[in-house]
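Subject: Structure for you to look at

Hello,

Please find the structure below. My notes on what was found follow it.

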Amino acid sequence: AKIVDPSTGELVPLGQLGEIMIRGYCVMLEYWRDEAKTRECITKEGWYKTGDIGSMDGYSYCKIEGRIKDMIIRGGENIYPAEIEQFLHTHPKIKEAQVVGVKDARMGEEVCACIKLVDGEECTAEEIKAHCKGQIAHFKIPRYVLFVTSYPLTVTGK
């Protein structure tokens, strides 16, 4: 297994987020009768692109943080919603947080946090942004903050 920068394919330092890639005898060689999908997901060297975002520590343990498809690209910066969601959950008034990318003419995408507050609590977007300032990188601070009472769910509750 290795962790690479999704845009360059270069290895990232230990502990840094990137795409998890794997290869070995237990990894498939190709997609059955689908050469285009094989080229998309498997490198010439046999590395399978999992589509998962994660990091690897000094003991070779991998930690999965999210999915590449969930990645927000804001002005060339790769932003992983799961990382921001984990930080937002440290705010005492936040019960749940979902972070998504929204289209932006200048930056490509902007960060939007959809927040469900703890019952009986009140909060403002400015309070959320102030909580983030100096704690996470400035480009990861949500540009938009929406307060919601529920999230759309599938039949299975996801």
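Accessible areas come from the Shrake-Rupley method with a 1.4 Å probe, and for residues only the protein chains shown count as cover. On that basis the chain exposes about 10600 Å², of which carbon and sulfur atoms supply 53%.

This is a predicted model, in which local features need pLDDT of at least 70 and side-chain atom pairs count only at pLDDT 80 or more, while totals for chains, interfaces and linings use all residues. Residues are numbered from 1 along each chain as its sequence is written, and side-chain values use heavy atoms, with hydrogens and water left out.

The chain contains 3 helices and 9 strands; these are DSSP runs numbered from the N terminus (helices: H or I, at least four residues; strands: E, at least two). Of its 158 residues, 36% count as buried, meaning under 20% relative accessible area with a 1.4 Å probe, protein chains only.

One part to look at is an open sheet of 3 strands, in the order β7-β8-β9 with mixed pairing; two strands pair if DSSP finds at least two bridges between them. β7 (94-104) and β9 (144-147) are at the edges with a single partner strand each, so one side of each has no neighbour in the sheet. β7 and β8 (residues 108-117) run antiparallel and are joined by 10 bridges. Within that pair, valine 100 stands opposite cysteine 112 in β8.

Regards

Note on methods: Buried means under 20% relative accessible area, exposed over 50%, partly exposed in between (1.4 Å probe, protein chains only).
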